[in-house]
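This report describes the fold of one protein chain and then looks at selected residues. Please keep the sequence and the 3D view open while reading.

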Amino acid sequence: MKIEDIIKSKVISLELKTVLNLLHTSNIVQDKTSEVLKPFDLSSEQFNVLRILRGQKGVPASLSCVQERMICKMSNTTRLVDKLIAKDMVQRSICENNRRKVDIVITQKGLDILKQLDAPMKALNDSVIENLSTQETETLNELLDKIRS
């Protein structure tokens with residue numbers, strides 16, 4: 001469906017159309033992601049923290065390291081980590097080398113949850129771009145990178 005039909009407007013500038021298309025598409029993907037994560041009692045931001053920590057392969061990460069790698073930079077990383085600690089999905093400890101630094105690692109429970117989510121998230125990602133060819137997907141990624149630069 002075209003964005004003009006969604007917003008019920010025929011006269012729209014190309015710039016506004018582009019931004020609205022990006023925002024609307026982002027919201028659809030976010031809503032679908034939330035649906036997949038809901039049975040696991042995870043938000044997309046919490047899921048992102050778990051993926052970042054899994055990527056550390058057992059090496060502890062600091063809060064600032066996690067924050068730097070977050071997709072949504074506005075997230076309150078401390079609050080997200082606290083919620084994941086309460087769910088036994090991550091552990092926090094004082095860094096042995098620097099007592100002012102906090103180390104965060106994913107727990108086995110967190111790894112197990114991610115393992116259960118791998119297939120449904122891959123299916124979701126595949127479904128989002130199923131109408132695009134490989135070349136179109138590559139071009140879309142290049143254009144999105146270009147918008148952010």
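## Basis of the report

The model is predicted, so local features are given only where pLDDT is at least 70 and side-chain atom pairs only at pLDDT 80 or more, while totals for chains, interfaces and linings use all residues. Residues are numbered from 1 along each chain as its sequence is written, and side-chain values use heavy atoms, with hydrogens and water left out.

## Overall fold

The protein chain has 7 helices and 2 strands. Here helices (H or I, at least four residues) and strands (E, at least two) are DSSP runs, numbered from the N terminus. Read from the N terminus, the order of elements is α-α-α-α-α-β-β-α-α. The radius of gyration is 19 Å, well over the 15 Å that the globule rule gives for 149 residues, so the protein chain is more spread out than a compact globule. This radius is taken over C-alpha atoms, and the globule rule is 2.2 Å times the number of residues to the power 0.38. Along the principal axes, the C-alpha trace spans about 60 × 30 × 30 Å.

Of the 149 residues in the protein chain, 27% are buried. Buried means under 20% relative accessible area, exposed means over 50%, and partly exposed lies in between (1.4 Å probe, protein chains only). The protein chain exposes about 10400 Å², and carbon and sulfur atoms supply 55% of this area. Accessible areas come from the Shrake-Rupley method with a 1.4 Å probe; for residues, only the protein chains shown count as cover. Contacts (heavy atoms within 4.5 Å) can also be sorted by sequence distance. Among those between residues at least 6 apart in sequence, 49% join residues at least 24 apart.

## The nonpolar core

In soluble globular proteins, nonpolar side chains tend to be buried together. A nonpolar core is defined as a set of buried Ala, Val, Leu, Ile, Met, Phe, Trp, Tyr and Cys residues joined through side-chain atoms within 4.5 Å. The largest such core here has 23 residues, and those with the most contacts inside it are Leu42, Val49, Leu50, Leu53 and Leu117. Two or more residues come from each of helix H2 (14-37), helix H3 (44-55), helix H5 (77-86), strand E2 (102-106) and helix H6 (108-128).

Leaving out residues up to four places away in sequence, valine 49 touches Val66, Met70, Leu80, Val81 and Leu84. Asparagine 48 lies in helix H3. With a relative accessible area of 8%, asparagine 48 is buried.

## Helix H5

Which residues of H5 are buried? They are Thr77, Leu80, Val81 and Leu84. These residues cover an arc of only 95 degrees around the axis, which puts them on the same side of H5. The arc is that of the directions from the helix axis to the C-beta atoms. The buried residues of H5 pack against H3, helix H4 (63-69), strand E1 (90-94) and E2.

At the start of H5, a side-chain oxygen of asparagine 76 reaches to within 3.3 Å of the backbone nitrogen of threonine 78. Threonine 77 has 6% relative accessibility and therefore counts as buried. Not counting residues up to four places away in sequence, threonine 77 touches Leu63, Val66, Gln67 and Met70.

## Loops and exposed residues

Most residues other than glycine have a negative phi. Aspartate 88 follows H5 and has a positive phi, near 60 degrees; this residue is in the loop between H5 and E1. Lysine 57 also has a positive phi, near 50 degrees, and is placed in the loop between H3 and H4. Lysine 57 is exposed, with a relative accessible area of 73%.

Proline 39 lies in the loop between H2 and H3 and, at 67% relative accessibility, counts as exposed. Proline 39 and alanine 123 are 84 residues apart in sequence and 16 Å apart in space, C-alpha to C-alpha. Leucine 14 is in helix H2 and counts as exposed, at 61% relative accessibility.

Methods:
A polar contact is a pair of N or O atoms within 3.5 Å; within protein, one must be able to donate a hydrogen and the other to accept it, and residues adjacent in sequence count only if both atoms are side-chain atoms.
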